[in-house]
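Hi everyone, thanks for coming along this morning. I'd like to walk you through one protein model, so please have a look at the screen before I start.

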Amino acid sequence: MASRHGDTSGTKRRWLAWLFLLLVAGGGIAALGWYQLFREEPQHFDSVEAYYLYGSIGAEQEEGIPYWIWRVLPEVFPQHLPGEGGYAALGMLWEEGEATPVGFSKKTIGFPRIAINCAACHTASYRTAEDAERQIVPTGPQQTFDPQAYLRFLGDAADDPDFTAANLLAAIEEQTELSWLDRLLYRFLIIPRTRDGLQEQAARFAWTEERPRWGPGRIDPFNPVKFHPDLLALDPAEDDTIGNSDIMPLWAMDEQEGFALHWDGLNDSLTEVVLSGAIGDGARPATLPVDALAELEAYLLTKRPPPYPFLYALDADLAAEGEAVFQRTCAGCHGLEGARTGTVIPQPEVGTDPHRLAMWTAEAAERYNAYAEDYPWDFNAFVKTDGYVAKPLTGIWLRAPYLHNGSVPTLEDLLRPADERPERFYRGYDVYHPERMGFIHEGEAAEREGFHYDTAEPGNSNQGHEGATFGTELDEQEKAALIEYLKTL
Ligand code: HEC
Ligand code: HEC
């Protein structure tokens with residue numbers, strides 16, 4: 001009996017040992033899988049500006065692309081890019097020695113992933129001559145990057161029959177060494193899943209194919225949020241609005257305390273605008289780095305724009321004359337102490353293109369205010385307005401082309417009646433004109449590098465902001481003086 005009992009318990013013990021081994025091994029595989037796919041490695045930056053340019057805003061989890069796949073796509077699919085030179089053909093700014101272009105964060109969540117951040121849109125570039133060094137201005141409005149062309153490239157690549165594990169792995173292994181386990185994961189999980197994800201993303205943006213192109217330096221900021229099934233879940237089939245709008249600068253936000261933000265003033269809380277900016281770019285409530293974004297917000301308050309690059313040629317007397325014109329004509333809406341500065345000017349009064357205004361609806365505002373109710377942070381300040389905000393003009397030289405849709409290439413043109421402004425021009429060429437207060441927007445080089453902007457397209461109108469109130473009836477001397485003064489802001 002004793003021995004039989006011993007046998008039984010011996011068998012039991014062996015089984016238990018097997019089970020234990022199995023559990024350890026199984027757990028090990030699960031842990032290894034977790035490590036390879038989900039472990040988060042913190043990023044390190046020397047300054048808040050470096051974080052601004054290259055840090056994560058929490059978008060990698062939801063909309064990150066595996067870095068190595070992203071890296072080789074232009075090589076494997078050059079035919080889907082609008083020009084030569086890899087991602088530079090999409091107008092990305094890529095500084096020597098950096099792992100990613102400006103505005104792209106590389107973060108390891110299991111494997112290295114890449115996603116955009118605020119700087120993808122909110123970083124300006126300019127050159128003082130075609131062959132001069134390109135200056136990069138964090139928080140300035142992008143001129144060259146074409147986000148819509150980027151989305152199209154990713155979708156076209158994913159749809160290409162050559163988007164296979166074999167092709168991509170071959171290209172990746174010329175750039176980096178993958179472990180056998182990585183290779184297995186890329187082949188059977190990461191590459192197929194990326195392809196599906198990029199195709200899903202392209203389908204979510206299908207509505208953009210039927211509406212006018214954004215072109216470099218512009219996006220439709222809120223229709224993607226309105227139409228995203230996980231965000232405001234509105235139906236693009238029942239909404240044909242066009243929100244195309246020029247990117248805004250984020251410098252000197254301390255001047256805008258309490259002001260209505262965004263072109264139409266749809267929210268007056270900088271904190272809410274920053275957090276919703278990150279959500280619009282792919283962060284989700286669970287991944288939103290609220291503390292890091294608070295640091296970023298503080299950075300935006302005190303950051304200043306660079307001075308106008310041709311200031312050495314400023315005519316100080318003329319500028320002083322121009323300051324008087326500004327105080328008389330513009331300061332009530334654009335001066336830092338102006339009674340209407342930072343407020344919404346009704347669209348019929350300013351008369352600019354109404355499409356961007358119509359894009360944001362009361363229903364969308366209501367849904368966004370309800371979106372984050374279960375979180376310690378929350379949205380409460382989204383509203384529907386009836387016009388466009390008159391902003392302070394700090395750094396106005398670098399904000400060309402002008403108006404919310406970027407429809408007027410220079411300040412000279414903005415001070416002319418609308419029917420004397422250019423009907424067509426090129427935008428996205430970042431060489432600055434030394435006199436006209438705007439980028440060079442015509443001629444061979446602008447045509448080669450730029451995007452053809454046609455003011456006849458819906459959403460692109462260059463009408464409005466004209467008449468005595470808006471300075472288009474000033475005489476030539478007053479206009480010249482005013483422009484001289486605006487160079488100093
Ligand atoms: C894909 C491009 C893009 C990205 C990325 C982006 N923005 Fe913006 N942002 C815009 C555009 C375009 C506007 C103007 C939109 C409008 O109102 O029509 C804007 C407006 C703003 C404004 C309002 C400025 C003002 O003076 O009223 C703030 C603040 C802002 N963004 C912050 C951010 C922050 C912070 C991030 C990152 C978390 C971010 N944005 C990411 C394109 C972008
Ligand atoms: C009644 C208020 C009002 C007055 C007066 C006014 N503006 Fe404006 N301004 C606006 C509004 C509103 C906008 C935004 C319109 C839009 O983008 O659709 C604007 C836009 C602008 C812009 C484009 C900003 C950008 O980032 O693209 C410039 C430049 C500008 N105004 C300059 C002036 C100058 C110079 C004067 C004086 C000669 C002037 N404005 C007078 C209300 C005013």
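For the whole talk, buried means under 20% relative accessible area, exposed means over 50%, and partly exposed is in between, using a 1.4 Å probe and protein chains only. Thr139 also has a positive phi of about 80 degrees, although it is not a glycine. You can find Thr139 in the loop between β5 (135-138) and α5 (147-159). Helices here are DSSP runs of H or I with at least four residues, strands are runs of E with at least two, and both are numbered from the N terminus.

A quick word on the ground rules. This is a predicted model, where local features need pLDDT of at least 70 and side-chain atom pairs count only at pLDDT 80 or more, while totals for chains, interfaces and linings use all residues. Residues are numbered from 1 along each chain as its sequence is written, chains are lettered from A and ligands numbered from 1 in the order in which they are written, and side-chain values use heavy atoms, with hydrogens and water left out.

Now the overall picture. The protein chain has 18 helices and 11 strands, and its C-alpha atoms fill a box of roughly 115 × 45 × 45 Å along the principal axes. Of its 489 residues, 53% count as buried.

The chain is divided into domain 1 (33-120 + 147-213) and domain 2 (124-145 + 221-489), with bounds that come from an automatic or database domain assignment. Taken over C-alpha atoms, the centres of the two domains are 28 Å apart. Where they meet, 30 residues of domain 1 are in contact with 39 residues of domain 2, contact meaning heavy atoms within 4.5 Å. Together domain 1 and domain 2 bury about 3,000 Å², 67% of it on carbon and sulfur atoms. That buried area is the accessible area, with a 1.4 Å probe, that two parts lose on being put together, summed over both.

How many salt bridges does the rule find across the interface of domain 1 and domain 2? It finds 1. The rule asks for a side-chain nitrogen of Lys or Arg within 4 Å of a carboxyl oxygen of Asp or Glu.

The buried residues of α4 are Tyr67, Trp68, Ile69, Trp70, Val72, Leu73 and Pro74. Their cover includes β1 (65-66), β2 (104-109), β3 (111-116), α5, α6 (165-172) and α7 (180-204).

Which protein residues are donors to the iron atom of ligand 2? They are His334 and His465, each through NE2, at 1.9 to 2.1 Å. Donors are N, O and S atoms within 2.8 Å of the metal (3.2 Å for Na, K and Ca), and water is not among the atoms, so sites may look incomplete. With 6 donor atoms and angles of 88 to 180 degrees among them, this site is octahedral. For six donors, that label requires opposite donors over 155 degrees apart and all others between 65 and 115.

His334 sits in helix α12 (residues 331-334) and His465 in the loop between β11 (451-454) and α18 (476-486), so the pair ties together parts that are 131 residues apart in sequence. His334 is buried at 17% relative accessible area, and His465 is buried at 14%. His465 also has a positive phi, about 50 degrees, although it is not a glycine.

The iron atom of ligand 1 has a single donor from the protein, His122 (NE2), 2.0 Å away. His122 lies in the loop between β3 and β4 (123-126).

Finally, back to salt bridges: the structure holds 27 of them. Arg152 pairs with Glu209, the closest N and O atoms being 3.3 Å apart. This pair links distant parts of the chain, with Arg152 in helix α5 and Glu209 in the loop between α7 and β6 (218-219), 57 residues apart. There is also a network of salt bridges linking Arg127, Glu130, Arg134, Asp430, Glu444, Arg448 and Glu449.

Pro401 is in the loop between β9 (387-389) and α16 (411-414).

Note on methods. Four donors count as tetrahedral if all angles lie between 85 and 135 degrees; four count as square planar and six as octahedral if opposite donors are over 155 degrees apart and all others between 65 and 115; anything else is irregular.
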